[in-house]
Amino acid sequence: MYHFDEIVNRKNTHCVKWDTVPEDTLPMFVADMDFKVLPEIQEALEKKVKEGIYGYTIVSDDYLQSVVDWEERRHHVHIEKEWIVTTPGIVPALNAMVNTFTHEGDAIMIQDPVYFPFKGAVVNNQRRLVLHEVKMNEQGHYTFDFEALEKKIIEEQVKLFILCNPHNPIGRVWTREELKTLGNICKKHHVIVIADEIHADFIMKGHEHICFYDVDESFKDFSVVCTAPSKTFNLAGLAASNILIAHPEMRASFTAFKGRTGMGSVNAFGLISCEAAYRHGDQYVDELCAYIEENANCVRNFLQEHLPEVKMVPLEGTYLAWLDFGYLNMEDEALEAFFLNDAKVKMNSGITFGSQGHGFMRMNLATPRKNVEEGLRRIEKSIKER
Ligand SMILES: Cc1ncc(COP(=O)(O)O)c(C=O)c1O
């Protein structure tokens with residue numbers, strides 16, 4: 001039994017979340033968690049520290065096996081050890097893959113809204129940004145518009161699609177059917193797919209994460225799956241991720257590009273923590289997901305009772321609530337400033353994820369329930385006093 005209710009003081013730890021906001025502000029923005037790490041991770045890191053030597057480190061066979069076993073146990077997908085390419089984070093890998101698999105000026109499609117470094121990986125590398133707007137239907141459910149998507153792929157001659165699966169910030173866990181339709185369209189038009197599955201372990205009851213490689217054997221010929229223990233076990237500061245590339249030539253090109261940039265492997269602490277997490281973390285993740293789900297229920301119930309005009313998009317996966325404050329009719333900048341200055345709650349402004357995020361805020365739920373309740377009370381008070 002893990003204690004996610006425990007309040008850990010993270011102030012003055014050089015932490016982005018708590019040390020970049022004013023003293024009186026509750027941070028509910030950047031995607032990192034306020035929970036203590038899995039004890040086995042801590043022990044493994046302490047053991048390394050006791051060695052007192054931190055030289056160049058190999059990616060061991062045991063490490064690779066722990067990644068294979070995790071994917072098999074948690075996501076029922078079989079991967080081979082040789083598919084795994086380690087990188088110091090998924091964002092650097094995305095940028096490297098854009099360079100590996102496309103040329104300057106090529107069109108790359110991402111969803112709108114989506115995790116904003118996807119856009120950065122496209123435009124900062126002089127590729128052409130093409131947006132697919134994920135639309136909300138009348139039931140408040142986000143879906144792909146596959147007809148519009150295929151039309152745009154043809155018209156814009158899209159070469160690569162970066163998929164967020166599950167989706168940050170809208171909380172969708174894409175179904176097998178949706179992934180199959182998407183994959184088939186991409187296959188038909190020779191579009192490479194990069195599936196960022198960093199949130200794959202945060203799945204709420206009634207939903208199932210489907211790895212893009214598990215949808216159809218043929219999808220392995222034109223896609224890459226990005227995985228990492230960093231969200232699941234709060235290890236972002238250790239910068240470790242595992243990029244799965246089944247297709248040998250795609251893998252060779254990516255590895256060659258990685259070599260040209262000098263981007264090394266993961267540091268020793270990243271490797272050690274990932275292996276410990278994947279060997280010992282099952283129960284932790286099960287309890288963590290249940291806790292996040294309760295936090296999401298807490299937000300939904302509070303809003304229904306106190307602020308019924310604020311709509312919360314159903315959370316199927318991730319630990320990020322997507323809240324629609326559109327009824328306040330505020331400009332996005334003013335909305336963000338209002339929560340920061342009046343409510344003293346820092347959330348991510350929806351607009352930073354794309355135009356479809358207008359009027360939304362993203363709230364991080366990976367924090368003890370007391371903080372969630374406090375954040376909600378502050379938001380209610382400031383809205384009612386407005
Ligand atoms: C979809 C997605 N990809 C990647 C990342 C960050 O990856 P990394 O820290 O490994 O670069 C995040 C962080 O929130 C994310 O939400």
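(Buried means under 20% relative accessible area, exposed over 50%, and partly exposed in between, using a 1.4 Å probe and protein chains only.)

A word on what you're looking at. This is a predicted model, where local features need pLDDT of at least 70 and side-chain atom pairs count only at pLDDT 80 or more, while totals for chains, interfaces and linings use all residues. Residues are numbered from 1 along each chain as its sequence is written, and side-chain values use heavy atoms, leaving out hydrogens and water.

Now step back to the overall layout. The domain assignment, which is automatic or comes from a database, gives domain 1 (16-39 + 282-385) and domain 2 (52-280). Their centres, taken over C-alpha atoms, are 25 Å apart. Where they meet, 32 residues from domain 1 and 39 residues from domain 2 take part in the contact, with contact meaning heavy atoms within 4.5 Å.

Next, the inside. A nonpolar core is a set of buried Ala, Val, Leu, Ile, Met, Phe, Trp, Tyr and Cys residues joined through side-chain atoms within 4.5 Å. The largest one has 102 residues, and L163, F233, F325, F339 and M363 have the most contacts inside it. Helix α10 (residues 282-306) gives the most to this core, eleven residues; helices are DSSP runs of H or I with at least four residues, strands are runs of E with at least two, and numbering starts from the N terminus.

Finally, look for the open space. A pocket is an open set of points on a 1 Å grid over the protein atoms alone, where a 1.4 Å probe fits, with protein on both sides within 12 Å along at least five of seven lines; lining residues have an atom within 4 Å of a point. The largest pocket is lined by 43 residues, and D32, N234, L235, A236 and G237 lie nearest its centre. The elements giving two or more residues to that lining are α2 (39-51) and α4 (90-101).
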